[in-house]
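Okay, thanks for coming, everyone.

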Amino acid sequence: MSVVVKIPTQLRSASGGEAETVLDGATVQEVLDGLFERFEELRARISDDDGSLRRFVNVYLAGEDIRFLDGLQTPVKDGAELTILPAVAGG
Amino acid sequence: MAVSHLQCKECKAEYPLEALYVCEQCFGPLEVVYDHSRTSRDLGELRRRIQGGPQNIWRYADFLPLAGGPPGPSGRLASRVGLPAGCTPLIRADRLAERLGLREVWVKNDAANPTHSFKDRVVSVAVTRARELGFETIACASTGNLANSVAAHGAALGMDSYVFIPADLEEQKVLATGIYGTNLVGVDGSYDDVNRLCTELCAEREWAFVNINLRPYYAEGSKTLAFEIAEQLGWELPDRCIVPIASGSLFTKIARGFEEWLELGLLEGDLPSMNGAQAEGCSPVASAYAAGHDVCRPVKPSTIAKSLAIGNPADGPYALDLARRTGGGVDAVSDDEIRAGIKLLAETTGVFTETAGGVTTAVLAKLAARGEIDPDERVVLVITGEGLKTLDAVRGSFETRTIAPTVEAFEAGVSRPVSV
């Protein structure tokens, strides 16, 4: 499955300035693993030591928060869009 | 001014005082840090300076994140610049206290702000900081009250504004936004969808989104509620505050305001017990509190308290921590309890609040009924918005008798008291 991952401005210093990148994977976890392989520095910025997402990181699959789906185990479809965003906005 | 820098609340990384809100290292929220080493330790002088300031939030400019101080001419004239917020009434609510078996209850009526909610405090600060930073356009993601305030501040200051709201918002809140001539955008989705959209837009536009890229400054405005409460109580702290929780920013920043004044010695004693109030139809913080969790699981809101309908609260973890360390709590109430809360407050204090205030009042009633409030406590109920903005919530809650304009008709038709 080929997925477009959108990288927020705050993380682009760790992605060589890339705003989005295309990765393969069958689940959100696999896509993120691919992302961390491509941009190693991103791993520590958005994941905790145990591999889960940091608490102020939101990940959306086609606009839906993955916590309303199956979290990191959510399957992804070919051509889907995965968006990483800070959770500290709003209110 | 005492404002020093931005700092990540999680990893403590430091950042300059720019339009930044997220830590690049750990994605934690950024917060304003002050250096009060040059603030006067002569408490009498400090108090006199505050009391001699304008009748609005700029009297607390020493504790707000503006590089150049309050807007406009110095001193009292500053109160005439823009759309001044704050200095709202703190009312002693003896009839409400009596009804609930309590001794001392105060109502902080923040509906008495220019656009009738506490949001004018945070927007005043954010917009003034946005001007300092050179922005020409202000924007926000809103559940309604913020929309009113951003649109009005844009009009008052002559700045362009873009306001994003869920398309199904209360009509009163939509009308009271569009009238100011803003660019009003209804989004087909929940507030959390609006917030996500605006977070994405924020990276694409040179706009000051008051509650996104200006959020560290914006949030500081809520501290002025604490400052006012303390000043109005004669430089004393309440024992307990009941505050509504949407994102958790207001709840945590009221406590931060008290803490800052405690650190400076302007106040003595302990931080009040902080009780958060949510609607059952959107209670991610109350649910996490009850379950003993330290993070919130997002929810899809379904409640009449639309101004509190944030399913993914940014400051949830901090709100949980605050409630626990102050001996407070976070409770949720049903839509029927919210309606009853609006009525209770109106009938006992003469203050007509919106649904969020119904939530807060209902939680106070719930705590009192559970015996969790010592009758000797001094309790402050923070009422954040105006009842005229959520009229649907009270429609049908009473009956009007229509009679012919004669004494006989009155005697015949209204000899009994009108009741529900």
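Let's start with helix H12 of chain B, residues 335–349: at 1.5 Å a residue its 15 residues should span 21 Å, and the end C-alpha atoms are 21 Å apart, so the two agree. The expected span here is 1.5 Å times one less than the number of residues. Helices are DSSP runs of H or I with at least four residues, strands are runs of E with at least two, and both are numbered from the N terminus.

Before I go on, this is a predicted model: local features need pLDDT of at least 70, side-chain atom pairs count only at pLDDT 80 or more, and totals for chains, interfaces and linings use all residues. Residues are numbered from 1 along each chain as its sequence is written, while chains are lettered from A and ligands numbered from 1 in the order in which they are written.

So which residues of H12(B) are buried? They are B:Glu337, B:Ile338, B:Gly341, B:Ile342, B:Leu345 and B:Thr349. They cover an arc of only 145° around the axis, so they sit on the same side of H12(B); that arc is taken from the directions from the helix axis to the C-beta atoms. Remember, an α-helix has 3.6 residues a turn, so residues three or four places apart point the same way. On the face turned away from the buried side, you'll find the exposed residues B:Asp336 and B:Glu347. Buried means 20 or more other C-beta atoms within 10 Å of the residue's own, exposed means 12 or fewer, and partly exposed is in between, with C-beta atoms placed from the backbone.

What do the buried residues pack against? Among the partners in chain B are strand S4 (90–92), helix H2 (94–100) and helix H13 (355–369). Contact means C-beta atoms, placed from the backbone, within 7 Å. Just after H12(B), B:Gly350 takes a positive phi of about 80°.

Most residues other than glycine have a negative phi. B:Cys87, though, has a phi near 55°, and B:Trp235 is at about 60°. B:Cys87 counts as buried, with 20 C-beta neighbours inside 10 Å, whereas B:Trp235 is partly exposed, with 15 other C-beta atoms within 10 Å.

Zooming out, chain B has domain 1 (90–116 + 222–391) and domain 2 (119–219), with bounds from an automatic or database assignment. Their centres, taken over C-alpha atoms, are 24 Å apart.

Note on methods:
Contact = placed C-beta atoms within 7 Å.
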